[in-house]
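Today I will go through the charged side-chain pairs in one model. Please have the structure open while I talk.

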Amino acid sequence: MMTGRRQLMAQLMLGVAVAAGGLPLSHALALGENEASQHVRQSIEELLDLARSPGEAEAKAPRLLDIIERRAAMPQIARFAAGANWRIMNEDQQARYVAAFGKFLSGVYARRFQEYSETTAGEAFTMDGVIDAGRKGMLVKTSITRQGAAPVLVEWLVSDQPGRVVIADIVIEGISLLITQREEIGAMLEARGGNVEKLISDLGA
């Protein structure tokens with residue numbers, strides 16, 4: 001289990017994972033190793049620039065949502081996070097849930113980025129290679145190096161299944177962050193007695 005500093009980095013990287021996850025798996029249409037690696041590198045740079053930029057979390061939330069919307073298909077993201085609960089929603093609820101989910105993500109992770117920005121001294125990402133994951137896409141391997149600590153291994157699953165390059169999942173030290181987010185939404189709905197309207201309202205608050 002990750003704790004402390006590593007957990008905070010995991011929360012930061014989950015901003016990217018949920019930003020592009022929840023996509024059906026199929027063979028990558030024309031995705032190459034260089035394209036996948038470049039997409040991961042650019043995604044990291046955008047998120048770290050946001051995390052380290054001046055300003056409060058509330059001001060960063062819209063910028064984070066912009067990154068999510070440019071790099072992901074939000075309906076698929078929200079649907080994956082909802083899991084089986086997606087099927088109990090009617091079309092109107094699904095549309096409102098997707099919008100509320102986006103607002104929720106940008107708010108939560110903007111605050112976590114604010115925490116992260118205070119603890120990044122001496123830290124850097126290294127690109128460690130790309131593995132063809134077949135039907136799933138390309139797995140880009142990276143590590144977070146810090147002074148006086150063991151590297152944190154981060155694997156990025158990149159796919160072009162929806163017609164553009166996206167990150168389908170991130171695995172940090174063996175933990176799938178996309179699955180983690182799905183479990184969180186499920187727990188939130190359970191805590192509200194399965195009340196979808198209450199979930200939507202709280203997510204969008």
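**Salt bridges**

There are five salt bridges in this structure, a salt bridge being a side-chain nitrogen of Lys or Arg within 4 Å of a carboxyl oxygen of Asp or Glu. The model is predicted, so local features need pLDDT of at least 70 and side-chain atom pairs count only at pLDDT 80 or more, while totals for chains, interfaces and linings use all residues. Residues are numbered from 1 along each chain as its sequence is written, and side-chain values use heavy atoms, with hydrogens and water left out.

Take Arg96 and Glu197: their closest N and O atoms are 2.6 Å apart in a salt bridge. Arg96 sits in helix 5 (residues 91-116) and Glu197 in helix 7 (residues 196-203), so this pair ties together parts 101 residues apart in sequence. Helices here are DSSP runs of H or I with at least four residues, strands are runs of E with at least two, and both are numbered from the N terminus. Arg96 is partly exposed at 31% relative accessibility, and Glu197 is partly exposed at 34%. Partly exposed lies between buried, under 20% relative accessible area, and exposed, over 50% (1.4 Å probe, protein chains only). Arg96 and Glu197 also belong to a network of salt bridges with Asp92.

Next, Lys141 and Glu155 form a salt bridge, with closest N and O atoms 2.5 Å apart. Lys141 is in strand 2 (residues 138-146) and Glu155 in strand 3 (residues 149-159), so the pair links parts 14 residues apart in sequence.

Last, Asp202 and Lys198 form a salt bridge at 3.5 Å, N to O. They are four residues apart in helix 7, so about one helical turn separates them.
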